[in-house]
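User: Hey, I'm new to this one. Can you walk me through it in plain words?

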Amino acid sequence: MKINCLLLAITCLAFINVSGQNLYTSSNAASIENEANTTTGWTGSASITSESSTAQNGTYSLRFAVLNTNREARYNFTAVVGTVYNISIWARRTANSNNPAFANWIGLSGFSTTVISSTAWTQYNFVVTATVTAPAIRVYAGPIGAASGVEVFVDAISITVQTPPDTQPPTAPSNLTVSNVTSTSAVINWNASTDNVGVVSYSVREGTTTLGNVGPSITSYQLNNLQPSTSYTYTVVAFDAANNSSQSSPLTFSTLPPPADVTPPTIPTNLTASTITATDLYLSWVPSTDNVAVTGYRIFMNDLLKDSVTSAQYQVVGLTGNTTYTFYVVAYDAAGNVSAPGNQISVTTINPGQVSNYTTENANLPSVDWQSANLYAAGNVGIGTTPNSSYKLSVNGNIRAKEIIVETGWSDFVFEEGYNLASLKEVEDYIKLNGHLKDIPDAEEVQANGIGLARMNKLLLMKIEELTLYVIESNKRIENLQNQVQELSSSPKLVY
């Protein structure tokens, strides 16, 4: 009787040991306990290699690639018929993948073809029952007709007995801490969980949202794209192969404030002067850019600060005729960073003595040669209409000329990096609400006030340039759709 009890106890202990043991025993790149730079235990017609460029666990992973038309890799393990097994495999497809899959497993019921659908490492769990003593798990690098070189990676394989069912969850991850905190990133660390069979993964969560999963040997997680000076709360959940889980206590921390802005704006370039008279002129330049935003520009005249403006143009008034002035411009941002000076220009105002003043007294004098003399009118001029105080020249009638030159800012800023191009939906909504394009004056405004020739051309060119950007983007989408249609038409039906 004592001998029978002793044998029963030994049998129970042996069964418990087998139940918790990983039956994936081969020493190769996908082994959790016995990782090695080999492919031992795997056979098949596909190209099967050990790979160190990407791994979910440890240093190596297994790479299966289509070789000519051969695409299958398999692994056999010793099983007991009727026994339930938990099989956990981490896998990822690559950019050149063509629907790799776990398919056509041998001697295991409860299995169905499972496509490996993500380029990120993903855990695939199977609960199957052995129908033969040497079942096989199989991985296909692609379906029938997949191109040679199409590949898939596999790592961290676990095969454990589930009889009796594993209902005991792992211990909760403990001692959550945070390190390497910046204004936009941090690292979460924790103490490893334990389990009666074995922990197979950890899930990092913010509230109920899963941010990512890591393997059983990893006890940290990198957080990126966080907001500065913001409080965050995270938990970590441990899982075993039977999908039992335990969640840690929450960890709350705040990111650091944003780093101080020490980058100055770029130098304002191409400073030019136009519409030069005896008393005033217009300055314009190519706008600066900044890592945050340009706040404004300072205009220097004869090395003294003349004024500050927010746009890339400025009218200088109160000048003296026949006098040379020097100008340059610097840009500044909200943090007080100032750019280096832009190009310096020298401008000489018009000499009033070189211009004939038009008056009623000298209008018809034979001593004044208006064909060779410059005409200077101090006031406003009206032709066929009363002079308008808002305009130097008012004409009631048509103007015919070989050329009209206008000097104003141009619209090439549309092609600069960071230009806020509205979406077509935003354009449509604006038209429905206002009855005209954004930035373009409506008919009532033009009817009442007219529109400057320079402004009109600038606005029209701006819309042409925006339309060009829409056409370029539309062409890219058309080419992408054509490539997808070509790929779908040439791809065979997915058959494993």
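User: Which strands form the open sheet, and in what order?
Analyst: Five strands make it up, in the order β1-β4-β10-β6-β8, with antiparallel pairing. The edge strands, each pairing on one side only, are β1 (42-43) and β8 (114-115). Strands are DSSP runs of E with at least two residues, helices are runs of H or I with at least four, and both are numbered from the N terminus. Two strands pair if DSSP finds at least two bridges between them.

User: Where do these numbers come from?
Analyst: This is a predicted model, where local features need pLDDT of at least 70 and side-chain atom pairs count only at pLDDT 80 or more, while totals for chains, interfaces and linings use all residues. Residues are numbered from 1 along each chain as its sequence is written, and side-chain values use heavy atoms, with hydrogens and water left out.

User: OK, back to the sheet. How many bridges join β4 to β10?
Analyst: Five, between residues 72-76 of β4 and residues 136-140 of β10, which run antiparallel. Glu-72, for one, has Tyr-140 in β10 as its bridge partner.

User: And β3, is that buried or exposed?
Analyst: Five of the five residues in β3 (residues 61-65) are buried. Buried means under 20% relative accessible area, exposed is over 50%, and partly exposed is in between (1.4 Å probe, protein chains only). Both faces of β3 are covered, with Ser-61, Arg-63 and Ala-65 on one side and Leu-62 and Phe-64 on the other.

User: Which strands does β3 pair with?
Analyst: Strand β2 (residues 47-51) pairs with β3 over five bridges, antiparallel, and there Thr-49 has Arg-63 as its partner. Strand β11 (residues 151-161) also pairs with β3 in the antiparallel sense, over four bridges. In that pairing, Leu-62 stands opposite Val-154.

User: New topic: how many aromatic pairs are there?
Analyst: There are 16. Rings of Phe, Tyr and Trp (its six-membered ring) pair if their centres lie within 6.5 Å; planes under 30 degrees apart are stacked, over 60 edge-to-face, the rest tilted. Phe-102 and Trp-105 are an edge-to-face pair, 6.3 Å centre to centre with 85 degrees between the planes.

User: What about salt bridges, how many?
Analyst: The count is nine. A salt bridge here is a side-chain nitrogen of Lys or Arg within 4 Å of a carboxyl oxygen of Asp or Glu. Lys-425 and Asp-429 form one at 2.9 Å, N to O. The two lie in helix α2 (residues 424-434), four residues apart, about one turn.
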